[in-house]
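This report covers the fold of one protein, then one of its pockets, a helix beside that pocket, and a cavity.

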Amino acid sequence: MSRQKRIGKMNLYKVVGLILVGSVASTTAVLATEMDEKSRAATKVLLGQQLFFDVNLSKNRTQSCATCHAPDKGFVDHRGTGVKAAVSLGDDGHSLGDRNAPTAGYAAYSPPFYQDQQGRYIGGQFWDGRASTLAEQAAGPPLNPVEMGMPSKAAVLARLLENSLYPSLFEKIYGEQVLTDADRAYAAMSDAIASFESTGFFAPFDSKYDRYLKGEYELTPQEELGRTLFFSQQFTNCNQCHQLRPSPVSKDETFTNYQFHNIGVPENIQLRALNGTKTRDEGLFAHPDVSDPDQKGKFKTPSLRNVAVTGPYMHNGVFRDLRTVVLFYNKYNSRSEKRQINPETHMRWAEPEVPENLSLKELESGPALTDKRVDALVAFMKTLTDKKYEHLLKE
């Protein structure tokens, strides 16, 4: 594909009632109109959608936001296989990250990073919350040398100016001088991408579970058992970290309380052999504003929305299968020798990468699970899959 074709490439996803980026003519029509606040917000989403799919914002013009957050794959990176599926390949064609790209789906619901009255850290973006808001998160990858690899904000601005549609769109939304300053332009770009990521395209709330709440779907007996177990405070510990709202039938449940925990995830040794990383990942302690050593090894609790189609799992992609994840949690509650074996390696569960600060109070809550209950929990989590991804459950 030629450079000019890449610059002009458009996408046809329908968002907020508009067919975003349908043609140069339709975009030009938007630019020709005076905008009220509602129109400005819609145009910002339109711009953000173009930017989200723009490979020219990477050094070698091979990657966009959508590369690692593919809309047809639950907004995760689906390019890799084997160990390489655990992390993303960089724009340079050889660099590998050290963390599993989290889904961009429902990410807009994470609150800005803060510390509550009990001293617990909550929210933010990335596994360690280092970006407080979605816009701050969007600002990270373009300048990350192992991701999109752009050398500077000025270089990003130069790429924006290559696209004949961008200047008018940016000026309509952010003011006439926005593209005369690299810092302002970069902040506006990040804000527009965040606006697109905040639309219903990323968070439709239309899974089987959502349809069940509306009376439009009847859970199977196995799914119903899983639902009961999941929200139980007696038989599992799931909802201690994966329930946000007080009621188990809230329509906007994101299945995470956005808190940080060290659950004892082992190091992904095979990945480290490929990417050359030798230092342990201390999670929240790597956040630039966190200096408390009690936060070492803690990672943000991810949403379970679309969890069945967004593997591999954990911050380092160390587990391939969702059932393995349930069994990993269950090892803290079971005295069975069988439950101390990782079904993917056929060896005992590896030791935690960061053994201090384990959230044992939460992890050891609840009784051991039978195979029937493990399978029921997996079945219930599959019902959290957005309708457009249900076909992926069969693959």
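What share of the contacts in the protein with a separation of 6 or more comes from residues 24 or more positions apart? Such residues account for 67% of these contacts, a contact being heavy atoms within 4.5 Å.

The model is predicted, so local features need pLDDT of at least 70 and side-chain atom pairs pLDDT 80 or more, while totals for chains, interfaces and linings use all residues. Residues are numbered from 1 along each chain as its sequence is written, and side-chain values use heavy atoms, without hydrogens and water.

**Overall fold**

The protein has 15 helices and 8 strands; these are DSSP runs numbered from the N terminus, helices being H or I of at least four residues and strands E of at least two. Its radius of gyration is 22 Å, close to the 21 Å that the globule rule gives for 395 residues, so the protein is as compact as a globular protein of that length. That radius is taken over C-alpha atoms, and the rule is 2.2 Å times the number of residues to the power 0.38. Of the 395 residues, 53% count as buried, meaning under 20% relative accessible area with a 1.4 Å probe and protein chains only.

**Pocket and cavity**

Both kinds of space are found on a 1 Å grid over the protein atoms alone: in a cavity a 1.4 Å probe fits but cannot get out, whereas a pocket is an open set with protein on both sides within 12 Å along at least five of seven lines. Lining residues have an atom within 4 Å of a point. Points are joined across faces, edges and corners, and a volume is the space filled by probe spheres set on them. In the table, Ala, Val, Leu, Ile, Met, Phe, Trp, Tyr, Cys and Pro are nonpolar, Asp, Glu, Lys and Arg charged, and the others, Gly among them, polar.

| Space | Volume | Lining by class |
|---|---|---|
| Second largest pocket | about 1,000 Å³ | 19 nonpolar, 11 polar, 11 charged residues |
| Largest cavity | about 50 Å³ | 1 nonpolar, 3 polar, 5 charged residues |

The pocket is lined by 41 residues, with P312, F319, R320, D321 and E344 nearest its centre. α12 (269–275), α13 (322–330), β8 (347–348) and α15 (371–382) each supply at least two lining residues.

D321 also caps the N-terminal end of α13, with a side-chain oxygen 2.9 Å from the backbone nitrogen of R323. In α13, 7 of 9 residues are buried, among them L322 and F328. The buried residues of α13 pack against β7 (341–342) and α15.

The residues that line the largest cavity include D98, R272 and H315.

Methods: Buried means under 20% relative accessible area, exposed over 50%, partly exposed in between (1.4 Å probe, protein chains only). A polar contact is a pair of N or O atoms within 3.5 Å; within protein, one must be able to donate a hydrogen and the other to accept it, and residues adjacent in sequence count only if both atoms are side-chain atoms.
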